[in-house]
Each structure stands twice: as C-alpha cells, then as structure tokens.
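Subject: Structure handover

Hello,

Here is the structure I promised to pass on. Please open it alongside this message, and then read my notes below.

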Amino acid sequence: MANVRRLLLGRRLASEESHEARISNPVALAVFSSDALSSVAYATGEIMAALGPYMAMAAFGPAVLSWSWPVAVGIVLLLTILTISYRQTIFAYPSGGGAYIVAKENLGELPAQVAGASLLVDYVLTVAVSVSAGVTAITSAFPGADTHRVALALAVVAFIGLMNLRGVKESGAVFSVPTYGFVISMFAIIGLGFWRYFAGGVAAGEHHAVVAPPLPGWIAIWVFMKAYAAGCTALTGVEAISNGVSAFREPTARNAGKTMIAMVLMLGAMFLGITWLSNHFGIMYTGEGESLLSMLEHRILGNGPGLPHITYLLMQAFTMLILCLAANTAYADFPRLAAMMARDGFLPRQFSSQGDRLVFSNGIFILSFLSGVLLWIFNAREHHLLPLYAVGVFLGFTLSQMGMVRHWLKLRGRRWVFKSLINGAGGLTTLVVMTVIILTKFTHGAWVVVLVLPLMVMTFFNIHRHYIRVKSILAGSRADFITPRKNRVVVLVSGIHSGVVQSLNYAKVIADHGEVEALTVDFPDEHGRDSAALEKLRSDWPRYCEGIPLRSIRSPYRKIVEPIVEELDRMRRVEPEYTITVILPEFVTGHWWANLLHNQTAWRIKGTLLMKPKTVVISIPYHLEPILE
C-alpha cells in the first residue's frame with residue numbers, strides 16, 4: 001500500500017520543504033484563475049437565458065436580447081470594483097483567507113462564520129458547476145455522450161482530486177496547458193469574429209441592434225436586473241487569489257496582485273468580446289441543448305468539414321478542459337479555508353492536518369465527496385446548479401466589501417476615503433445583486449442555500465463551543481486532586497492460547513493485591529446446561545490459569561458484548577472506588593484480508609468500553625505470522 005501511495009501521490013515532503021511547494025505567477029494563474037476565466041463559457045448564455053422568456057411579450061419583443069450588451073458592461077464595471085477591492089485585501093491581509101479573514105478581523109465572529117460558510121458552499125458548487133459545464137461542452141460536440149454525463153463528471157472529479165493530493169504545484173503544472181490553451185483559443189475566435197463582422201462576412205439583418213430598446217416602466221428594470229444577476233456568474237472565482245495568497249512565491253502579496261490584474265484583464269476582454277459577438281451574430285440561447293459558446297463558434301467558423309470542423313473540435317476540447325479544470329480553483333482554496341476555520345476551532349481539527357504532500361488532504365476528500373453528491377443529484381447539469389451557486393458567491397462578496405470599509409475606517413491611512421467609497425459601492429452593488437438572485441431564483445433552488453447557510457453557521461458555533469468546553473475541562477483537570485484508586489483487573493477469555501497466557505501473566509503484574517479474575521461468556525444449550533466449550537475451558541483452566549479464578553456469564557440470547565458491558569457496569573456500581581482494567585487477548589493475522597474472516601469482537605468491545613467511566617482497556621496482541629510461515 002505504501003508503494004501504491006507513493007506511485008499515485010509521489011514522495012513524501014518534509015515540513016521544511018514547504019517553500020518548494022510555492023508556485024510561480026504563470027502557474028498560479030492556471031491554479032487560481034481557471035474558475036473565473038472559464039465562466040465566460042456560460043456567463044453570456046445565462047444572460048440570454050434570463051432574457052429569452054420575455055421575447056414574446058409585446059412590451060419587449062426579440063429586441064430584448066440586445067440588452068445583453070449593457071448588462072455585460074455593467075457586470076464588467078462591478079468586476080473592476082471587486083478587483084480594486086480584492087487587490088487591496090491582498091496587501092492588507094497577505095496571509096490569505098479573503099472574505100473570511102476580512103470579516104473576522106473587522107466585523108466579528110458571526111459575520112466571519114457566515115462568510116466562511118458561504119465560501120465553502122461556493123467552492124463545492126464551483127466544482128459541481130464547472131465539471132457539469134465541461135461535460136456539456138463534451139456533449140455539445142458528441143451528443144451521444146449525454147446519457148453518460150454523470151459518470152463522466154464523477155471521473156473528472158476523481159482525477160482532479162487525485163492531482164491535488166499530489167500538491168498545488170504539481171496540479172498547477174498539469175492544468176496550465178488547458179488554461180492557456182483556452183485563453184488563446186478564445187482570443188483567437190473573438191478576433192476572427194470581429195474580423196468577419198467588420199469585413200462584411202455577416203448578411204444584412206442577421207444581427208441584433210446593440211442599442212437597447214426603451215425601458216417601458218419598472219418591469220423592464222426588473223427584467224434587466226434579472227439578466228444582470230444571471231450574468232454575474234462571470235464574477236465567480238474573482239476572490240480566489242485573495243484566498244490563496246500564501247501559495248505564491250515571495251513576495252507573496254505583490255505576486256498575487258499582479259496575477260489578479262492579469263486574470264481580470266483577460267476575463268473582462270473575453271466576456272465583453274463573446275457578449276458583443278453573440279449579440280451581433282444573432283445568437284439565441286434558451287439554457288438547454290447546445291451551449292451558446294458552441295453556437296457562436298459554429299457561426300464564426302462555419303459548419304463545413306475539414307479545417308473549420310477540426311478547429312471547432314479543438315476549441316471545444318479546450319473549453320471542456322478549462323471548464324472541468326476550473327474546479328481546481330476550489331481545490332486550491334477549499335482546503336486552505338477549512339484549515340483556517342479548523343485552527344480557529346469552528347471545524348473539526350482534522351481539516352488543519354497536512355498530508356504527505358503538504359496539502360490539506362481531508363479538505364480535498366470532503367470537497368470531492370460533496371461535489372460528487374451534487375453532480376449525482378442534479379444529473380451534472382450546470383443550468384440547474386447555477387441558482388444555488390450565485391447566492392453564496394455574492395454573500396461572500398458583500399461581507400468582504402463591508403469588512404474592507406470597516407478596515408479603512410479604523411486604519412484611516414492614505415486615501416482611505418476613496419478606498420472606503422470604492423468598497424462601499426461594491427458592497428452595495430453585490431448586496432442588491434444577491435437580493436435579486438434570491439428573489440428570482442428562490443423557487444429554482446436558491447432556497448436550499450438560504451436554508452443551508454444558517455444551519456452551517458449553527459454547526460460551526462456548536463463545534464467551537466465543544467472545543468472550548470473540552471479545553472476548559474482539560475485545563476481544570478490539572479488542578480484536580482487525584483486520590484489513589486484501587487485497581488481491579490478483568491481478563492476476557494474465550495479459549496486458551498498463547499495470547500491468553502500472556503494476558504494472565506500481565507494481569508498479575510499490574511493487579512493490586514491479587515485483585516484479578518478472568519471472565520468468559522457462555523451460550524447455554526437448549527436445555528439450559530453449560531456449553532461444551534465452557535466445560536472444555538474449565539477442564540484446561542487449572543493448568544494455565546496462573547492462579548487466577550475464572551467466572552462465566554450466561555448469555556441466553558447469544559450476545560457477547562452486551563453481557564460483558566452489563567457485568568462491568570455492575571462491578572462499578574458495587575465497587576465505585578475501583579478502576580477496572582479490562583485486558584483483551586487478541587490474535588493478529590498475517591494478512592489484511594484474513595481479518596475479514598473474523599468477527600472483530602475485540603474491536604467492538606473496545607469501542608463500547610471507551611465510553612465507560614473508570615474503565616481502562618488494554619490489548620495484548622498475539623501475532624500469528626510465525627504459525628503462518
């Protein structure tokens with residue numbers, strides 16, 4: 001097993017090698033930006049899907065689809081505000097943590113746990129949405145694969161999880177090629193689309209006017225806000241770099257800031273380019289079937305065989321890869337955030353433990369499991385998952401922005417008024433968008449997140465109270481006056497072998513004043529007589545007992561663990577001044593599979609007695625390897 005583990009994960013890394021696991025800016029762009037960059041593959045489609053149902057209304061008509069352009073411009077303006085804010089967060093909190101740390105330092109524990117819960121939900125949904133969108137890219141090119149979309153999605157999650165168990169550096173190196181391949185292909189298709197349009201390659205009347213129709217009352221504003229909220233899926237993953245600053249090489253803050261600027265410039269350019277071309281080429285997307293990006297590529301490249309088809313398949317391959325590997329952003333941030341919350345005592349301590357490859361392995365396992373469950377429940381269809389996705393994202397955005405406003409008000413450094421206004425505007429905008437998402441998508445699944453987040457926060461505080469209670473009890477126990485206690489030793493036996501003899505000898509060593517006895521469980525026959533096994537044990541006992549008395553417990557219902565526990569409870573009640581030491585003779589098989597052939601009675605007894613007070617359990621192993629050899 002150790003060899004298999006080394007083959008899959010690589011050699012173990014010592015703690016002093018942590019600096020070698022830090023990543024360069026180009027690799028970091030692939031690791032932390034794949035989620036944000038990949039969102040351009042479906043964000044414009046979500047805008048179109050939100051506007052599509054209003055085409056049949058007399059007040060709007062088909063021209064309503066032209067609103068996608070002003071919606072996209074407004075989203076890019078919000079992206080600019082968020083970028084400025086999160087870049088400030090990077091330099092203010094270079095240890096990473098993003099919205100969680102900002103809320104904790106400036107707003108208090110409750111907002112911090114709300115931010116933590118929203119980010120954890122966001123990361124789980126990032127994996128599910130990204131992988132589902134990647135599978136959609138596959139099925140757009142190969143419709144026959146649609147029946148196997150869940151199996152494909154689970155296989156992708158397993159692969160990404162395995163790569164991340166090898167380490168962020170290794171996974172980033174593997175995933176860099178698809179990320180940069182997608183970016184190059186997107187700029188290539190956008191450039192070709194602009195060339196075709198301005199060179200007159202589009203027939204007259206085939207495109208929509210870019211000028212939006214007049215807004216006929218408040219209903220139009222509502223429709224615009226719905227489209228805006230739907231398109232804000234393009235902003236998912238923007239905060240990822242601020243959460244993972246510690247993964248960058250020194251100087252961490254400066255390198256993280258540069259990477260964020262590069263990510264946002266590429267994201268904004270691709271998003272605006274795809275939206276503008278979709279609007280002018282008359283692409284209509286309803287949210288089902290072939291993706292909008294696939295339709296746009298077909299329109300620009302043509303549907304003919306040969307080079308256009310090969311180019312289309314290549315671009316779909318890069319789209320599929322970047323969408324699937326966008327989940328890697330969540331794998332980079334979810335374990336780090338969970339580790340921070342675990343160190344603060346709001347998640348189980350296991351999340352803060354690093355594995356052989358200096359990664360938080362438990363967080364990776366949990367993320368893979370939860371995202372896999374979502375993929376199975378929602379049939380790996382991103383359109384059904386996106387309503388759940390956006391609520392947590394924008395709740396984290398809002399808390400981060402408000403926390404930074406409080407940060408500047410306390411710090412009052414250089415240009416603090418301007419910075420506060422920027423963060424305040426961003427926080428207000430994201431709050432409005434989140435409200436619209438909840439109102440418009442509540443019945444489509446957003447209610448799940450609205451319900452889950454408070455339950456998660458309650459769970460976090462219950463975990464925290466448990467750790468505080470345990471810490472106080474352990475600290476108080478140091479001052480307790482421990483009086484000497486008497487010790488009674490009970491050896492559990494079912495037959496006589498070398499392990500039993502060793503246990504009896506050991507019991508005599510640790511017993512006080514010879515207070516030791518052997519205990520066995522007997523299954524009486526149908527006439528109520530002692531079993532033949534007990535008679536055989538009694539006849540052999542004087543030869544091997546070392547002077548220790550043997551007592552049997554009758555079990556008419558053929559149970560073993562329950563009669564033993566009941567007898568030990570009786571002994572504690574009769575002699576409360578005694579500590580009972582239970583000795584379990586166990587034979588150890590030579591192969592792991594041989595354990596499956598035995599009933600694990602000793603393991604069940606130990607698990608039960610662990611919960612009993614004033615009880616100590618000692619295992620005496622007897623290894624069977626010499627016999628097997």
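The notes below go from the whole chain to the sheet, the core and the charged pairs.

**The chain as a whole**

Please keep in mind that this is a predicted model. The chain has 629 residues, and buried residues make up 51% of them. Its secondary structure comes to 23 helices and 5 strands. The accessible surface is about 29000 Å². Carbon and sulfur atoms account for 65% of that surface. Take the contacts between residues at least 6 apart in sequence: 80% of them join residues at least 24 apart.

**The sheet**

The 5 strands form an open sheet with parallel pairing. The order is β3-β2-β1-β4-β5. β3 (550–554) and β5 are at the edges. Each has a single partner strand, so one side of each lacks a neighbour in the sheet. From one strand to the next, the twist averages 30°.

Now the pairings, strand by strand:

- β1 (residues 486–492) and β4 run parallel and are joined by 6 bridges. Here Asn487 stands opposite Thr579 of β4.
- β4 and β5 (residues 615–623) are paired in the parallel sense over 9 bridges. Leu584 faces Ser619 of β5 as its opposite residue.
- β1 and β2 (residues 516–522) also run parallel, with 4 bridges between them. Val490 has Glu517 in β2 as its bridge partner.

Two helices pack on this sheet. Helix α19 (residues 498–510) touches β1, β2, β4 and β5. Its direction makes about 140° with that of β5. Helix α20 touches β2 and β3, and its direction makes about 170° with that of β3.

**The nonpolar core**

In soluble globular proteins, nonpolar side chains tend to be buried together. The largest nonpolar core here has 147 residues. Which members touch the most others? They are Phe32, Tyr100, Val131, Leu235, Val238, Phe271 and Phe394. Helix α6 (residues 109–141) gives this core its largest share, 16 residues.

Val238 is then in contact with Ala36, Leu79, Leu82, Tyr86, Met260, Met263, Leu267 and Phe397.

His407 is buried, at 12% relative accessible area. Not counting residues up to four places away in sequence, His407 touches Ala92, Tyr93 and Asn106.

**The charged pairs**

Side chains of opposite charge can pair when their charged atoms come close. The count of salt bridges comes to 12.

Asp146 and Arg381 form a salt bridge, with their closest N and O atoms 3.1 Å apart. This pair links distant parts of the chain, 235 residues apart. Asp146 is in the loop between α6 and α7 (149–165). Arg381 is in the loop between α15 (361–377) and α16 (382–411).

Asp540 and Lys536 meet in a salt bridge at 2.4 Å, N to O. They are 4 residues apart in helix α20 (residues 532–544), so about one helical turn separates them. Asp540 is partly exposed, at 25% relative accessibility.

Asp569 and Arg572 make a salt bridge at 2.0 Å, N to O. Both lie in helix α21 (residues 561–574), 3 residues apart, about one turn of the helix. Asp569 has a relative accessible area of 18%, so Asp569 is buried under the 20% cut-off. Arg572 is buried too, at 12%.

The network links Glu517, Arg551, Glu567 and Arg570 through salt bridges.

Over to you.

Best wishes

Methods. Residues are numbered from 1 along each chain as its sequence is written. This is a predicted model: local features need pLDDT of at least 70, side-chain atom pairs count only at pLDDT 80 or more; totals for chains, interfaces and linings use all residues. Side-chain values use heavy atoms; hydrogens and water are left out. A nonpolar core is a set of buried Ala, Val, Leu, Ile, Met, Phe, Trp, Tyr and Cys residues joined through side-chain atoms within 4.5 Å. Buried means under 20% relative accessible area, exposed over 50%, partly exposed in between (1.4 Å probe, protein chains only). Contact means heavy atoms within 4.5 Å. A salt bridge is a side-chain nitrogen of Lys or Arg within 4 Å of a carboxyl oxygen of Asp or Glu. Two strands pair if DSSP finds at least two bridges between them. Accessible areas come from the Shrake-Rupley method with a 1.4 Å probe; for residues, only the protein chains shown count as cover. Axes are lines fitted to C-alpha atoms, for helices over the stretch in contact, and angles run from 0 to 180 degrees between N-to-C directions.
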